[in-house]
Amino acid sequence: MSGLALVAHQFRYDQKAFWRNPASVFFTVMFPVVLLLIFGTVFGGQTVNVRGGIKTTTYYVPAIITLSIISATMQSLAMSLVIAREDGRLKRGRGTPMPPWVFIAGRVGNSIVVALIMMALLAVIGRIAYGVAIPWERLPEIVLVLVVGAAAFACLGIALTAAIPSQDAAAPIVNALLLPLYFLSGVFIPDDQLPSGVIHFADIFPIRHFFEAFFDAYVPAGAGGAAISWGNLAIVAIWGVVGLLLAVRFFRWTPRSG
Amino acid sequence: MSYGETEAVRGIDLEVMPGEVFAFLGPNGAGKTTTVEILEGYRHRSGGEVSVLGEDPQRAGREWRERIGIVLQSGRLDPYLSVRESLGLYAGYFPAPRPIEEVIELVGLEGKADERARKLSGGQQRRLDVGMALIGDPDLLFLDEPTTGFDPSARRQFWDVIAGLRDLGKTVFLTTHYMEEAQRLADRVTIIAAGEIVARGTPEDLGDREHQAATIHYRAGGREVKLETTTLVKTLHELTGEALERGEDLEGLEVTRPTLEDVYLELTADSGAAE
């Protein structure tokens with residue numbers, strides 16, 4: 001098989017394993033859906049003082065899609081790769097003629113596809129349950145932002161595995177990093193209610209920039225959306241490149257424990 | 001050959017012939033895994049020369065990997081893929097894989113082909129692991145302590161699988177700390193203890209058992225008698241001759257030779273090897 005055919009081969013099996021794993025289906029698929037339903041139900045009908053005032057649900061749909069993209073890529077990859085590494089599955093794969101980049105490309109492709117599916121699912125739920133318009137006319141921009149962000153957070157997730165010593169440590173480390181940043185970056189709490197110092201702090205990290213880029217692409221201009229936010233997207237991409245370099249340098253294929 | 005701070009193995013000199021089952025035997029911590037991982041290309045050695053299928057594993061590329069199969073000492077499978085799918089995934093990595101159904105039969109998992117790995121017993125998972133190492137139709141197969149933790153019947157089933165590989169003409173490099181396993185499967189055995197080779201030979205002549213002292217046991221007048229002799233036939237003839245003259249029987253007469261296990265324990269006794 002040629003390189004790309006081999007990536008497609010790897011991707012097919014990764015997809016199977018992903019959808020059969022109850023943990024990945026719950027945390028990556030169900031959790032964002034439940035969050036959107038809770039936020040939409042609790043805060044629905046209110047307005048957020050962002051960009052001249054928009055409906056709360058208009059705010060939360062792109063916010064939770066942002067979370068689901070990070071969850072499908074960074075969180076899901078960091079966890080599943082650490083588990084596979086400690087199980088010895090990565091080491092076994094390295095003993096075959098499969099080139100290492102093929103394995104990684106299959107996994108990253110898998111997580112980007114899951115991110116696309118999550119965006120579609122949440123957009124449809126937002127449309128049906130809360131009347132949040134799906135911005136079809138901006139689909140190319142939205143997909144561009146999603147793919148850049150998903151690839152960047154996938155690289156960060158792969159890099160993060162180097163800092164996770166064991167299977168048991170994976171979930172606590174990943175959540176300790178991501179959950180506070182979701183709050184500080186305006187994903188859970190609309191940014192009109194966050195002190196500017198918090199926003200400035202969150203601006204150091206990629207989540208806030210990705211959220212802004214995605215929000216700008218998703219929320220139509222009439223309701224306060226801006227054009228594509230190249231500045232934010234560039235910062236996300238730079239984070240992705242840093243993640244990639246760290247991953248290339250520090251990723252390991254053999255178990256850390258035992 | 002060293003790894004990390006301490007030298008794990010040294011002065012190891014091995015030669016494995018095509019088509020043979022070679023057992024590398026030793027207690028835990030003797031350096032078996034270090035050696036086999038150097039041969040598999042997982043570890044870099046600090047010195048010495050290694051050639052596996054004509055190439056240095058440290059530098060060998062994809063074509064070389066297409067000719068070897070590896071069963072690691074510990075390695076779980078993807079719990080959510082079935083036996084057939086796990087083999088299908090790995091088959092895609094190789095240019096000329098064996099047919100999947102044939103491999104399923106070879107490792108005795110016919111009734112479990114569509115069972116997901118998480119539903120398999122430990123022995124069945126290990127056999128699937130071997131199947132994944134065989135799917136590329138390798139010339140050389142590494143098995144690192146493949147039956148550790150098996151119950152006796154699972155071990156016996158596994159041995160049948162390995163015996164089948166010999167019939168296929170595969171070269172098998174087997175590490176084990178079970179003497180019985182080496183005895184049952186191997187054409188040649190090399191024993192390692194504390195990073196050094198202490199004995200080598202076929203299972204039959206290992207440790208020069210043919211020429212070591214035999215032990216004669218019997219009871220006479222209610223007393224246990226135990227004799228060690230290097231001239232067994234002569235001693236036995238004298239003993240039985242005297243008994244016959246006296247019209248007595250030698251109750252519970254028994255002659256034992258050191259088993260391979262005894263030789264092994266003796267050879268590795270003072271190695272002080274521990275993990």
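Residues are numbered from 1 along each chain as written, and chains are lettered from A in the order written. Local features need pLDDT of at least 70, side-chain atom pairs count only at pLDDT 80 or more, totals for chains, interfaces and linings use all residues, and side-chain values use heavy atoms, without hydrogens and water.

**Exercise 1. Find what pLDDT chain B averages, and which element scores lowest.**

Step 1. Take the average: pLDDT (the predictor's confidence in each residue, from 0 to 100) has a mean of 87 in chain B. Of the residues, 94% score at least 70.

Step 2. Go through the elements, where helices (H or I, at least four residues) and strands (E, at least two) are DSSP runs numbered from the N terminus.

Step 3. Where pLDDT is low, predicted coordinates should not be read in detail.

**Exercise 2. Describe how chain B meets chain A.**

Step 1. Count contacts (heavy atoms within 4.5 Å). In chain B, 25 residues touch 22 residues of chain A.

Step 2. Take the buried area (accessible area, 1.4 Å probe, that two parts lose on being put together, summed over both). The two chains bury about 2,400 Å², 55% of it on carbon and sulfur atoms. Arg76(B), Tyr80(B) and Tyr93(B) supply 27% of the area that chain B buries against chain A, more than any other three residues.

Step 3. Look for salt bridges (a side-chain nitrogen of Lys or Arg within 4 Å of a carboxyl oxygen of Asp or Glu). There are 6 between chain B and chain A. One of them is Asp129(B) with Arg92(A), whose closest N and O atoms are 3.0 Å apart.

Step 4. Ask which elements take part. Helix H2 (62-65), helix H3 (83-91) and helix H5 (122-134) of chain B each supply at least two residues of the side touching chain A. H3(B) gives the most, with 4 residues.

**Exercise 3. Find how domain 1 and domain 2 of chain B meet.**

Step 1. Domain 1 spans 21-204 and domain 2 spans 208-271 of chain B. Their C-alpha centres lie 40 Å apart.

Step 2. Count contacts: 14 residues of domain 1 touch 8 residues of domain 2.

Methods:
Domain bounds come from an automatic or database domain assignment.
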